[in-house]
Amino acid sequence: MLTTTTRAAALVAGYREVRALTERLAGPLSPEDQVVQSMPDVSPTKWHRAHTTWFFETFVLGQFAPGYQPADPAYGYLFNSYYENVGARHPRPERGLVTRPSVEEVAAYRRAVDHALVDLLTAGEDRAEVLDLVELGLHHEQQHQELLLMDIKHVLSVNPTAPAYRGRPHHPGTPSPLAWTRFDGGQVEVGHDGDGFCFDNELPRHHVLLDPFSLADRPVSCGEWLEFMADGGYDQATLWLSDGWATCTQNGWRSPSYWFQVDGDWHVFTLDGARPVDPAEPVSHVSYYEADAYARWAGARLPTEAEWEHAAERHPVEGNLLGADELHPRADAGEGLRQLYGDVWEWTASPYTAYPGFRAAPGAVGEYNGKFMINQMVLRGGCCVTPPGHVRPSYRNFFPPHSRWMFSGVRLAEDAR
């Protein structure tokens, strides 16, 4: 076990690395790019950079750095996300109206907080309470690194000129047939095992009884989704949950998000620009409602989160994550259970609720996860813009069932025969 002094030194190195990555991700963007909010779920890049800084300033420096004064009293209102215990905040749908502070001023804010926080840790601050908050802040910023890329993708996609975040060429993959991996089930343990960092919603570890089941060896591909579309998948109400059908018809869904037709052929907008849909790569940007309808059409179902975790915990946490620098799901023509981590967040059939015995932490930090445990569904595994080192078998992501601007895909399950 690390001593607190050694842990503090490691957190300084990790802090510098995480904060620098956020700046690199924002690097290709102009100041104008960083201010736009293209829909209520999207936050401007500038806001992400400022909010993650506000988190460290509010929960670490403001509480533990002697004599620390906030960089600007207005930032607590502008860059608080949802922490009711901290105070009033600017409405989320209006973040794009905050043209000031400027991008340059936000960069200066980040530098000032970075300097103060590193000074705090290198001056001998090694209380576990402080170190725990810094570690939480680093994982929080990694979540916002993923959100930064998801959000700017939407921002650029609605620009009439459809500019690319970058412009790397695409190399089509090789389709592979779908196969199944069987699991015997029984009484299994799920939840974080206590080794290393986890969010509070991954606790406590507990037993779950699983019937035998099978899991598809890879996510559903774009080619398979095209078959669903060609067979009238978006037109058959019997495939859809009632709320899903209402959402589909109200929004006019005919394909995954970011897909569009050119002379009858399907194309997709990516962070590298628009290109033809690759049938071999995992389908992405589909809602829970679409995932559930597809599974029903395919004669299968979505896995529960306990099934997914039980299957994934024996596999190394590696794959097409942000470190691979693909920034888009990619095909994998290998064999056996694969692509559990990276590529696309995989919808499960499980509602986002508390584990037995869950207790939210006291104070504002306790608002991080627990209060969102309603009207959302769990996704597992990370995606192509999830920072490496951020996900693990027990990691629980969650979104409302209609959401699809994130990199969300589908892995099928079925009762074992």
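Me: How much space lies in the largest cavity?

Reply: About 60 Å³ of space lies in the largest cavity. This is a predicted model, where local features need pLDDT of at least 70, side-chain atom pairs count only at pLDDT 80 or more, and totals for chains, interfaces and linings use all residues. Residues are numbered from 1 along each chain as its sequence is written, and side-chain values use heavy atoms, with hydrogens and water left out.

Me: What makes a space a cavity?

Reply: On a 1 Å grid over the protein atoms alone, a cavity is a set of points where a 1.4 Å probe fits but cannot get out. Its volume is the space filled by probe spheres set on the points, and grid points are joined across faces, edges and corners. The structure holds one cavity of 30 Å³ or more.

Me: Which residues line the largest cavity?

Reply: Its lining includes C222, W259, E281 and H285. Lining residues have an atom within 4 Å of a point. By class, six are nonpolar, four polar and one charged. Here Ala, Val, Leu, Ile, Met, Phe, Trp, Tyr, Cys and Pro count as nonpolar, Asp, Glu, Lys and Arg as charged, and the others, Gly among them, as polar.

Me: Why is α6 called roughly perpendicular to α8?

Reply: Helix α6 (residues 222-230) and helix α8 (residues 288-297) pack at an angle of about 80 degrees, with their axes 11 Å apart. That makes α6 roughly perpendicular to α8, because angles of 65 to 115 degrees count as roughly perpendicular. Axes are lines fitted to C-alpha atoms, for helices over the stretch in contact, and angles run from 0 to 180 degrees between N-to-C directions. Helices are DSSP runs (H or I, at least four residues), and strands are runs of E with at least two, numbered from the N terminus.

Me: Which residues of α6 and α8 meet?

Reply: E224, W225, E227 and F228 in α6 meet E290, A291, A293, Y294 and W297 in α8. Contact means heavy atoms within 4.5 Å.

Me: Why is S214 called buried?

Reply: Buried means under 20% relative accessible area, exposed over 50%, and partly exposed in between (1.4 Å probe, protein chains only). S214 has 7% relative accessibility, so S214 counts as buried. This residue is found in strand β4 (residues 213-216).

Me: How do you know that T4 is buried, exposed or partly exposed?

Reply: T4 has a relative accessible area of 37%, so T4 is partly exposed. Its place is in helix α1 (residues 4-26).

Me: What makes α9 largely enclosed?

Reply: Eight of the eight residues of helix α9 (residues 305-312) are buried, so α9 is largely enclosed by the rest of the structure. Among them are W308 and H310.

Methods
1 Å grid on protein atoms, 1.4 Å probe; cavity = no way out; pocket = protein on both sides within 12 Å on 5 of 7 lines; lining within 4 Å. Parallel < 35°, antiparallel > 145°, perpendicular 65-115°, else oblique.
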